[in-house]
Amino acid sequence: MTVAAALQPSGLPPSTPDIYPDTQLLVDMSDVWVKFDGKWVLKSIYLKCTQGEILGIVGPNGGGKSTLLKVILGLIQPDKGAAQLFGQKPGKQSRLNVGYLPQVSHAERSFPVTVLDVVLMGLYQQLGIFSRVRTTHRQKALEQLDRVGMKEHAAKPFGKLSGGQQQRVQIARALVSSPRLLVLDEPSTGVDSVGQEDFYELLASLRDNQRISVIMVSHDIGVVTTYADRVACLNREIHYHGDTGPWAETDAYQKVFGKNLKVMVHDARCISCMMRHAHHD
Amino acid sequence: MIEWIHLEFMKNALAAGMMLSVVLAVVSCFVVLRRFSFIGVGVAHSAFGGVALGALLGISPTLSAIVFAVAVANAIGVVGNQKRLSADTAIGIFFSLAMALGVIFIGMSNSYNVDLFGYLFGNILAITHQDLVVIALLGGLVLVSIWMFFKEFMFVAFDSEVAHVSGIPVRFLDHFFLSILSLTVVISMKVVGIILVSALLVIPGAAAAQITDRYVPMFAVAVAVALVSTVGGLWISYYANLASGATIVTLASLLFFISFGIGKLKK
């Protein structure tokens, strides 16, 4: 795809056969508009996510990233346009195939649950209201904890874990109901850099081994360029949506972040330093 | 030192207090975990409007208080969920409205048949066998309801957003909880009073949360705190000639500060 094609001002055209050949679409947004208090926070969004890909959504704070996730999950209805999740209108039914990790855990650190209790919560919907948790469910939850490397912490109070460990436990909770799509809102928040790297490696292995798709919202361009297969650059409208590699060649990041780029995470993967026309001190 | 237990009214008060301790303690754990403390205060005060309405209409104050408190609690739930209004604003408005209506109803009824002061501050002398039956039945209903939805209530309290996305009916459960909270308030009115019941909707759970990090011990400690406060409070109030509801709440608060201290030392 050419750089010019990548820089369609009003987002991606509805059909871009070159990057979506024959694969199943898990998320398909078509000309979605969302208004809050009379202001458009999402404008003409075309977004697709296929099976087995990691899609990074980057953009500045207030650019509509969390709103976009809520539309995907069916928690917000678009004012115009349509979104589809697993080929259906996003809602209770289609959400059953989604594992969700919020930006911040709303739980207090002192909340009296163990790590295993938290993972079991991922099964409550399937269990239904009157049934109790049984050994088979505990077994299932322990398997997921093992998968994210947290099995030995199963009996610990959840609040005693570090941010990175809590995140792994929440991934285990999301995975225990066998989702096909993980939706993560700012997964780097409150996690140290070593923990982050492990975490994204884990996501990559889920994609490679289970063909689980991941949509993650982040303001950290470094993480997205390293781990995402495709990227969508969002500041109310989508400025780029396509493979991660070509994205680094465009100036879409500048359109979206403007002069604020300097305040972004700066490490060895710093996108600005990779740019031909970087203005970095 | 035990002759007080043989007094008929004390027997009733103790039986009522012990049953209520279990119900209030269990409910208070969820009030604390779901961060509904202020809603508890609001719902408790709005029960006053219901009692006054009962006096005006000449019907059972317990019945009118149940209807009134459940209605106000659910109204708080609906209005507090709006984007432009925070829950504490909704509570602030509804509970003062309910209290104001209560005062108006009293003025209109010109009736002094109902011991309103007793409902506000508790009157253990007034607890009848019929009250004990009501407490046992409705208290049992509250406990069974919590048992039925226990894991869902825990998930919603832990992270309502994730619970909602995963398909748990969060709004229904919140309204259901507010309704059983209202029932708990109404059955506790006569023993501790409307003004002070909100304390017992928070303190046992809050005290337990200081010293436990698992939920089974949390519920156990909360029940113990409530039982010690209620039985101890009734005993002290009898010998020191103090108001029973106030003594119970003071003792419960003392237990809270002790567990707060223990919690700090543990860290």
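In chain A of this predicted model, strand E1 (residues 25-36) is joined to strand E2 by 8 bridges, and the two run antiparallel. Helices (H or I, at least four residues) and strands (E, at least two) are DSSP runs, numbered from the N terminus. Two strands are said to pair if DSSP finds at least two bridges between them. One of the bridges links A:Phe36 to A:Lys39, which lies in E2(A).

Residues are numbered from 1 along each chain as its sequence is written, while chains are lettered from A and ligands numbered from 1 in the order in which they are written. Because the model is predicted, local features need pLDDT of at least 70 and side-chain atom pairs count only at pLDDT 80 or more, whereas totals for chains, interfaces and linings use all residues.

The open sheet of chain A contains 3 strands in the order E2-E1-E4, with antiparallel pairing. Strands E2 (39-50) and E4 (80-85) of chain A each have a single partner strand and stand at the edges, so one side of each is left without a neighbour in the sheet. From one strand to the next, the twist averages 15°.

In chain B, helix H2 (residues 37-57) packs against helix H9 (residues 170-192) at an angle of about 50°, and their axes lie 9 Å apart. Axes are lines fitted to C-alpha atoms, for helices over the stretch in contact, and angles run from 0 to 180 degrees between N-to-C directions. This makes H2(B) oblique to H9(B); angles under 35 degrees count as roughly parallel, over 145 as roughly antiparallel, 65 to 115 as roughly perpendicular and the rest as oblique. The residues in contact include B:Ile39 and B:Gly40 of H2(B), and B:Leu178 and B:Met189 of H9(B). Residues are in contact if their C-beta atoms, placed from the backbone, lie within 7 Å.

Chains A and B also touch, through 24 residues from chain A and 21 residues from chain B. The table gives the two contacts by residue class; Ala, Val, Leu, Ile, Met, Phe, Trp, Tyr, Cys and Pro count as nonpolar, Asp, Glu, Lys and Arg as charged, and the others, Gly among them, as polar.

| Contact | Residues by class |
|---|---|
| H2(B) with H9(B) | 9 nonpolar, 2 polar, no charged residues |
| Side of chain A that touches chain B | 15 nonpolar, 7 polar, 2 charged residues |

Chain A averages a pLDDT (the predictor's confidence in each residue, from 0 to 100) of 78. Over residues 259-281 of chain A, pLDDT stays under 50.

Technical notes: Two residues are in contact if their C-beta atoms, placed from the backbone, lie within 7 Å.
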